[in-house]
Amino acid sequence: MNYRKFGETDLSVSEIGFGAWAIGGPAMAGDTPIGWGQVDDAISKKALLTARDRGINFFDTADFYGLGHSEELIGKELSNDPEVVLASKVGHRIDGNGNIYMDYSKKHILASCEGSLKRLRRETIDFYQLHTAKVSDLENAECIDAVEQLQKEGKVRYWGVSLNTFDPQPEAAYLLGKGLAQGFQLVLNILNQEALPVVANSARSAYGVIARMPFQFGLLTGKFTKETRFSEDDHRRFRLPPDLLGKYLDALDQVWPLAEKYGISPGQLALSFVLGFEGVSTVIPGIRTPEQAIQNTAGTVKLSGEDRAFLQSLYLSHFKAFLF
């Protein structure tokens with residue numbers, strides 16, 4: 001495992017991290033699934049320990065994943081490991097009607113951090129993120145006051161924002177312009193390259209960058225077919241309806257030959273693409289089994305400039321149209 005410096009912080013993070021959304025389980029917000037379907041806690045625990053054995057030291061979760069269950073599992077298995085770097089998020093909650101509600105009030109953030117610390121069994125969260133906060137939330141300043149207070153109290157070491165999936169630039173530009181925060185989480189993969197300007201600006205400003213969704217809901221693992229369907233408690237059911245799934249798979253026929261060229265799996269190609277960008281500190285594939293922990297740490301390669309340029313051109317000519 002290789003390790004990278006997280007921006008200007010003193011955190012050293014494994015270049016492959018552990019995305020812990022899926023191990024939270026099949027939580028629901030009313031009729032909306034906010035998880036990845038059924039999971040087995042015993043398998044999730046083995047996945048966490050296998051990942052650690054494979055050199056992963058960066059684990060990313062949120063109080064919303066499984067409504068706290070993901071944090072609880074990580075706390076039970078890894079809280080006593082001083083080399084583990086833990087990241088969590090705040091800002092999403094369920095309102096009284098069972099709907100998803102964004103809450104960046106100072107009161108909520110301070111209280112939620114206490115809950116996360118308790119579940120993680122830690123005195124400090126290494127990197128605390130405002131979960132898809134908007135510029136209007138940041139301008140309100142309550143959320144910034146809250147995380148800076150937590151930082152002063154030693155409950156949070158560093159903080160940042162987990163940026164919007166489709167339009168990450170406004171919030172990043174706001175924070176970079178004011179010299180606030182120490183890092184970002186953003187979506188970056190072969191099929192969604194909207195965050196590349198943010199990655200470049202973050203590198204110039206020495207901000208840490210967590211790249212999430214390297215497999216774009218699993219599309220880039222090469223395991224889906226046009227007949228793939230998702231259960232009602234899996235949020236991919238509405239993220240990847242059959243017609244969109246088919247369009248993605250047809251377009252990806254142009255990508256898979258690169259995996260064959262380098263003698264790697266489609267997933268390894270996806271991870272290699274993301275890690276090739278200067279400024280990316282760690283990439284966090286979702287992991288929920290020991291087998292996935294092994295597969296995702298089996299090795300990456302350096303893609304040629306020509307092949308990277310080809311994948312970036314495909315995004316502009318084909319994949320970008322599927323996002324909007």
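Which residue in β12 does V161 stand opposite?

**Before you start**

This is a predicted model: local features need pLDDT of at least 70, side-chain atom pairs count only at pLDDT 80 or more, and totals for chains, interfaces and linings use all residues. Residues are numbered from 1 along each chain as its sequence is written, and side-chain values use heavy atoms, with hydrogens and water left out.

**Stop 1: the whole protein**

Show everything as a cartoon. Helices (H or I, at least four residues) and strands (E, at least two) are DSSP runs, numbered from the N terminus. The C-alpha atoms fill a box of roughly 50 × 40 × 40 Å along the principal axes.

Of the 324 residues, 56% count as buried. Buried means under 20% relative accessible area, exposed over 50%, and partly exposed in between (1.4 Å probe, protein chains only).

**Stop 2: the open sheet**

Select the eight strands that form an open sheet. Their order is β3-β6-β7-β10-β11-β12-β13-β14, and the pairing is parallel. β3 (18-19) and β14 (282-284) stand at the edges, each with a single partner strand, so one side of each has no neighbour in the sheet. Two strands pair if DSSP finds at least two bridges between them. Strands of a sheet pair through backbone hydrogen bonds.

**Stop 3: β11 and β12**

Select 156-162 and 183-187. These are β11 and β12, which run parallel and are joined by three bridges. Here is the opening answer: V161 stands opposite F184. G160 has G183 as its bridge partner in β12.

How many of the five residues of β12 are buried? Five of the five are, so β12 is largely enclosed by the rest of the structure. Now colour its two faces. G183, Q185 and V187 lie on one side, F184 and L186 on the other. In a regular strand the side chains alternate between the two faces of the sheet.

**Stop 4: H131**

Move to β10 (residues 125-131) and pick H131. Is H131 buried or exposed? Its relative accessibility is 8%, so H131 counts as buried. Show what surrounds H131. Leaving out residues up to four places away in sequence, H131 touches A62, Y65, K89, V90, G91, H92, Y104 and S162. Contact means heavy atoms within 4.5 Å.

**Stop 5: helix α2**

Select residues 69-78. In this helix, α2, the buried residues are S70, E71, L73, I74, G75 and L78. What do they pack against? Their partners are α1 (41-53), β6 (58-60), β7 (85-90) and α3 (106-120). An α-helix has 3.6 residues a turn, so residues three or four places apart point the same way.

**Stop 6: S231**

Finish in the loop between β13 (208-212) and α8 (236-239), where S231 is found. S231 counts as partly exposed because its relative accessibility is 37%. Apart from neighbours within four places in sequence, S231 is in contact with G37 and R237. Last, draw a distance from S231 to Y315. Their C-alpha atoms are separated by 29 Å, and the two residues are 84 residues apart along the chain.
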